[in-house]
Amino acid sequence: MAEFASTAPETETLTVMGGGLVGSLLALYLAQHGHSVEMFERRPDIRRAGPVEARSINLALSDRGWRALEGVGIAESVRDVAVAMHGRIMHSVQGQLTYQPYGQEGQSIYSVSRAGLNRRMLDLVEQNPRIRVAFNQQCQRVDLRQQTMDVLDTELNQSRTVSFRRLFGVDGAYSAVRAALQRTDRFNYSQHYLDYGYKELTIAAAPGGSWALEKHALHIWPRGQYMMIALPNLDGSFNCTLFFPFEGPASFAALQTPAQVRAFFEQEFPDAVPLMPELETEFFDNPTSSLVTVRCYPWTYHDDVLLLGDAAHAIVPFYGQGMNAGFEDCTVLHELLARHGHDWNAIFQEFQQVRKPNADAMADLAVYNFEEMRDRVADPRFLLQKKIESKISAQYPSKWLPLYSQVTFSHLPYAEAWANGQQQEQIMQRLMPHIQSEEDYQRPEVQALVAAEMERR
Ligand SMILES: Cc1cc2nc3c(=O)[nH]c(=O)nc-3n(C[C@H](O)[C@H](O)[C@H](O)COP(=O)(O)OP(=O)(O)OC[C@H]3O[C@@H](n4cnc5c(N)ncnc54)[C@H](O)[C@@H]3O)c2cc1C
Ligand SMILES: NC(=O)C1=CN([C@@H]2O[C@H](COP(=O)(O)OP(=O)(O)OC[C@H]3O[C@@H](n4cnc5c(N)ncnc54)[C@H](OP(=O)(O)O)[C@@H]3O)[C@@H](O)[C@H]2O)C=CC1
Ligand SMILES: Nc1ccccc1C(=O)C[C@H](N)C(=O)O
């Protein structure tokens, strides 16, 4: 454990509960503003412990996340170990491949190892003399009035009471800090589980450590009511995730034996099966996990407690934006700290007012992208629509940025992106009946319709 550095009188010791991706980044930002930070993490130090069970092996990192990492000086070192994914490759049952670029030439999302990223951030945290971090410390209860919390040392199995002055709850989707806020007056809370679960599987590296599928893409096997996806790793393997109903004819409940799993995969994902040597073992050894959206408000208790990251807004993973949104929380807080100094009330209030509508929009976008990925991407009309949208964007760059680019490659507030995207969809509903091929876009009648639509924007 690092000792506290001496601090300027106007700074104070801040408590960060949760040393995951967002908690570590938050601690670094708070320290940058001159504060001393004590960070508690329930798990052992992943740099010293063996492999720790985690929700996903790799994550898609995009522009909002990169900006936040740049602010603490680790973007370049993360980029060195990230795999660029330029677009989606869709695999049909017949083994045909179609491609959809994510953005303009040179724009990509990046597959990064969750554990690798977390390790890098913990290294920075530990090197920072203003931050003291304690592992194996589980928050069990927060007493908001007394400003204390019960923390269990999971190694010693001993509980103690710890005082705090200002507490940042970054303890994930099942936050213990949020649980305390839930018992306060006029606190709104909802959680919504999808009828789908997910299971992580592996496409093995090809001989020599190369990639058995195109490396620079996110692969999707869209099957209407369900899908499998694969993100590349540095070692030649891909981390696959099957998003699948819990119950029904094609569901986790229906696949009870290794023979049933193999038969189902051979029928539905025939080109992937030969690349998945551990399929049956992984299917039964790896957990089936659930998918939840958590919305709550306020994210504060006076100027004493603030929720950030998944603790404030857990979303389903289909846009690859949960971590990016949590990292963007840190960027926004950093700007507010710079603007409001030590006026914590102003910082907390403005933070939640700015971020809540954006978190809600991102939650909706994530569900929307599930339908797109599992179903619409298999429809040639949808792919044609996306090509036409990119032509409109090239012709009218100041009036049209595709929704995916607004979310992924811009820093526009999510709520604005979502509102723009819904308007764009209405325009496309009007244009697409006049368009049967890419070439149709140049027809004078179509050009006139597009011009009229742009005129109105
Ligand atoms: C399958 C899947 C795929 C995903 N893919 C992507 C992606 O591609 N891109 C993306 O941007 N996002 C993705 N996400 C979302 C991303 O994982 C989360 O948004 C992100 O991890 C949130 O970070 P966090 O620090 O808020 O929470 P967490 O990462 O959950 O960290 C919380 C930390 O708090 C600790 N903790 C929990 N409870 C306590 C307690 N009581 N006391 C002390 N410590 C505690 C936990 O051990 C953990 O270390 C995905 C999520 C899932 C489930
Ligand atoms: N939005 C989503 O659909 C989901 C997002 N996530 C996010 O993924 C990231 C990584 O997750 P990871 O650290 O691996 O999480 P874990 O699965 O390891 O969960 C951590 C702890 O949360 C509690 N927990 C897990 N599932 C549930 C549940 N359904 N209901 C109540 N409590 C539960 C358990 O606590 P205990 O052992 O005390 O019971 C568990 O040990 C986190 O950001 C998390 O917030 C995770 C799951 C779903
Ligand atoms: N990381 C993920 C995890 C689960 C599900 C999807 C993703 C994605 O990143 C999807 C990507 N943004 C896409 O739209 O193709």
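## A loop asparagine to start with

Asparagine 233 sits in the loop that links strand 15 (227-232) to strand 16 (238-245); helices (H or I, at least four residues) and strands (E, at least two) are DSSP runs, numbered from the N terminus. With a relative accessibility of 15%, asparagine 233 counts as buried. Here buried means under 20% relative accessible area, exposed means over 50%, and partly exposed is in between (1.4 Å probe, protein chains only).

Which residue makes a polar contact with the side chain of asparagine 233? The partner is the side chain of asparagine 58, at 2.7 Å. A polar contact is a pair of N or O atoms within 3.5 Å; within protein, one must be able to donate a hydrogen and the other to accept it, and residues adjacent in sequence count only if both atoms are side-chain atoms. Setting aside neighbours within four places in sequence, asparagine 233 is in contact (heavy atoms within 4.5 Å) with Asn58, Val83, Trp211, Phe238 and Asn239.

## How to read this model

This is a predicted model, in which local features need pLDDT of at least 70 and side-chain atom pairs count only at pLDDT 80 or more, while totals for chains, interfaces and linings use all residues. Residues are numbered from 1 along each chain as its sequence is written, chains are lettered from A and ligands numbered from 1 in the order in which they are written, and side-chain values use heavy atoms, with hydrogens and water left out.

## The domains

The chain is divided into domain 1 (13-82 + 112-191 + 294-369), domain 2 (193-290) and domain 3 (379-456). These bounds come from an automatic or database domain assignment. Taken over C-alpha atoms, the centres of domain 1 and domain 3 are separated by 36 Å. Between these two domains, 17 residues of domain 1 are in contact with 13 residues of domain 3.

## Around ligand 1

Now for the ligands. There are 30 residues around ligand 1, and Glu41, Ala60, Arg114, Cys139 and Asp310 come nearest; a residue is near a molecule if one of its heavy atoms lies within 4 Å of it. This shell divides into 11 nonpolar, 12 polar and 7 charged residues. In this grouping Ala, Val, Leu, Ile, Met, Phe, Trp, Tyr, Cys and Pro count as nonpolar, Asp, Glu, Lys and Arg as charged, and the others, Gly among them, as polar.

A polar side-chain atom of arginine 114 lies 2.6 Å from an oxygen atom of ligand 1. An oxygen atom of ligand 1 is also 3.0 Å from a polar backbone atom of valine 22, and a nitrogen atom of the ligand is 3.2 Å from a backbone N or O atom of glycine 320. On its own, ligand 1 has 990 Å² of accessible area, of which the protein covers 87%; such areas come from the Shrake-Rupley method with a 1.4 Å probe, and for residues only the protein chains shown count as cover. Helix 1 (21-32), strand 3 (58-61), strand 9 (137-143) and helix 8 (322-340) are the elements that give two or more residues to this shell.

## Around ligand 3

An oxygen atom of ligand 3 lies 2.7 Å from an N or O atom in the side chain of tyrosine 102, and a polar side-chain atom of arginine 88 is 2.8 Å from an oxygen atom of the ligand. A nitrogen atom of ligand 3 is 3.3 Å from a backbone N or O atom of tyrosine 319. Taken alone, ligand 3 exposes 370 Å², and the protein buries 93% of that.

Methionine 149 belongs to strand 10 (residues 148-153) and is buried, at 0% relative accessibility. Beyond four places in sequence, methionine 149 touches residues including Thr15, Met17, Phe40 and Leu167.

Leucine 279 is in helix 7 (residues 279-285) and is also buried, with a relative accessible area of 0%. Apart from neighbours within four places in sequence, leucine 279 is in contact with Leu201, Val261 and Phe265. Asparagine 128 lies in the loop between helix 4 (114-127) and strand 8 (131-134) and counts as buried at 17%. A polar atom of the asparagine 128 side chain lies 2.9 Å from the backbone nitrogen of arginine 130.
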